[in-house]
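Subject: Structure for you to look over

Dear colleague,

I am passing on the structure we spoke about, and below it I have set out what was found. Please read the notes with the model open beside you.

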Amino acid sequence: MNGVEHSPPALDPKVSVWQHIKNALAGTEADYTSIPLKKAIFLLAVPMILELIMESTFAVVDIYFVSKLGASAVATVGLTETYLFLLYSIAMGLAMAVTAIIARRIGEKNRESASTSAIQSIILAIMASVPFSLAGIFFAKDLLALMGGDQWVIDHGYRYTQWMLGGNAVIMLLFIINAIFRGAGDAAIAMRVLWISNGINIILCPVLISGFGPVPALGIEGAAIATNIGRGIGVLTQLWFLFKGNKRIRVKLSEFYWDAKSMLGILRTSLGGIGQMIVAMTSWIFIMRILAEVGSEAVAGATIALRVMMFTMMPAWGLSNAATTLVGQNLGAGNPGRAESAVWTTGKYNMVYLLIVSVVYFIFNDSLMRIFTDDSRVIEIGAEWLRILSFSYFVYGWWMVSTAAFNGSGDTKTPTYINLVFFWLIQIPLSWYLAISLGWQESGVFWAVFFSETSVGLFTLWLFSKGKWKTVKV
């Protein structure tokens, strides 16, 4: 009915689950536009989930060691990340466009055009990183002061900000090149790259922060240096796979030139994605700024809670990324019904998973915070946010896959307009009103976030069900 496939075939019962996992981790040349839908979701989602789990594992390990340096050190990470959110918004916006375009070309069986788009996206990523590098290297102290950082943050934390913003090109390239792999359907390579990159981060982080043998203790600066080294090696690994070792998409050095037509196509598609992410990410800048008015403990508690939240959301993001690839490739193959089925199926999986996480948050919020800090006030603040999140966390699963459908189809503008209303026009003013005007402090921010993000999830799912995204051309 309405071109939607129902009850898609399950995984082949003749093949063991372990063999399916092995195939997913190794990467296959399966055609995701024709194999059973649940198998396609499984083969894409397993490496995507593991990729994101490793990324979030590093974030948790990083904040664990940084938290030993005190609340101001954690606040430095949180305030620096508000600027990195701007970078992430551009990187993720470009990545959305790149995944959609590469997936569409692969679905059309046009590998040459996919290769051209890949090269142009890499050039764009490098160009976009330059302004952030200059700002971070020369204006780190000013940026931290602007966000309301305390004196320790400004005097000692600025070197962390210099490294993180100054070396942002590796972050940008990791996003974009992995988006190329995911769009092509080779999620296993994207997973391996993140495992290598963040595995190195996890090893170096405690060594450079606390010192080991002849290596001096660099404090919070060491965390940033470890991140840059790990991600830099990750980018080198990506480039090797892209030029030498990929099954689905491979580029040549001779193709590394400026192609205005292809680049303009990526820019047009990415503008909506970039706008979408800028609206969402900059809302967090204002949220952190409001929390800074409450105090460093509020920023530290929110920062740790956010890391916990991001860690538990990774399987849901992995499933959503699988939906993005399946939507793009199946629309390219002229099968919108199968694209829609992929979204409904992954949405159900996401809802069940996040319901389980909600129970964990509700019961163990205090224990989760104690893993990272023994500061009673920071624990209290972070635990409160996790508890509030638990009341509607399952809605996030539907929001993720609905947004994935729009982005995978190339319609990145619709989520931008949605985010503009719910984040800028509702979340920020409501946070300020409840936290500052009514004096609810951090609790006001947390309840404002709860209201706005629950609302945006339900609205986005309703809009997805209308089906206009299936007619987008890229």
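In what follows, two residues are said to touch, or to be in contact, when heavy atoms of theirs lie within 4.5 Å. Please keep in mind throughout that this is a predicted model.

By that criterion, and leaving aside residues up to four places away in sequence, Gly166 touches Ser133, Ile137 and Thr161.

The crossing of H14 and H16 is left-handed. On the H14 side the contact is made by Val395, Tyr396, Trp398, Trp399, Ser402, Thr403, Ala405 and Phe406, while H16 contributes Glu453, Thr454, Val456, Gly457, Leu458, Thr460, Leu461, Leu463 and Phe464. Sorted by class, the residues in this contact of H14 with H16 are 11 nonpolar, 5 polar and 1 charged.

Helix H13 (residues 376-389) has 14 residues and reaches 20 Å from its first C-alpha to its last, which is close to the 20 Å expected at 1.5 Å a residue. H13 is mostly covered, with 10 of its 14 residues buried, and among these buried residues are Glu384, Trp385, Ile379 and Gly382. The buried residues of H13 pack against H14 and H16, and also against helices H10 (260-294), H11 (296-332) and H12 (336-370).

Lys109, in the loop between helix H3 (71-107) and helix H4 (111-146), has a phi near 65°, a positive value in a residue other than glycine, and Lys109 is exposed, with a relative accessible area of 54%. Gln441, which sits in the loop between helix H15 (413-437) and H16, likewise has a positive phi, of about 55°, although it is not a glycine; at 40% relative accessibility, Gln441 counts as partly exposed.

With best wishes

Note on methods:
Residues are numbered from 1 along each chain as its sequence is written. This is a predicted model: local features need pLDDT of at least 70, side-chain atom pairs count only at pLDDT 80 or more; totals for chains, interfaces and linings use all residues. Side-chain values use heavy atoms; hydrogens and water are left out. A crossing is left-handed if the near helix is turned anticlockwise from the far one by less than a right angle, and right-handed if clockwise. Helices (H or I, at least four residues) and strands (E, at least two) are DSSP runs, numbered from the N terminus. Ala, Val, Leu, Ile, Met, Phe, Trp, Tyr, Cys and Pro count as nonpolar, Asp, Glu, Lys and Arg as charged, and the others, Gly among them, as polar. The expected span of a helix is 1.5 Å times one less than its number of residues. Buried means under 20% relative accessible area, exposed over 50%, partly exposed in between (1.4 Å probe, protein chains only).
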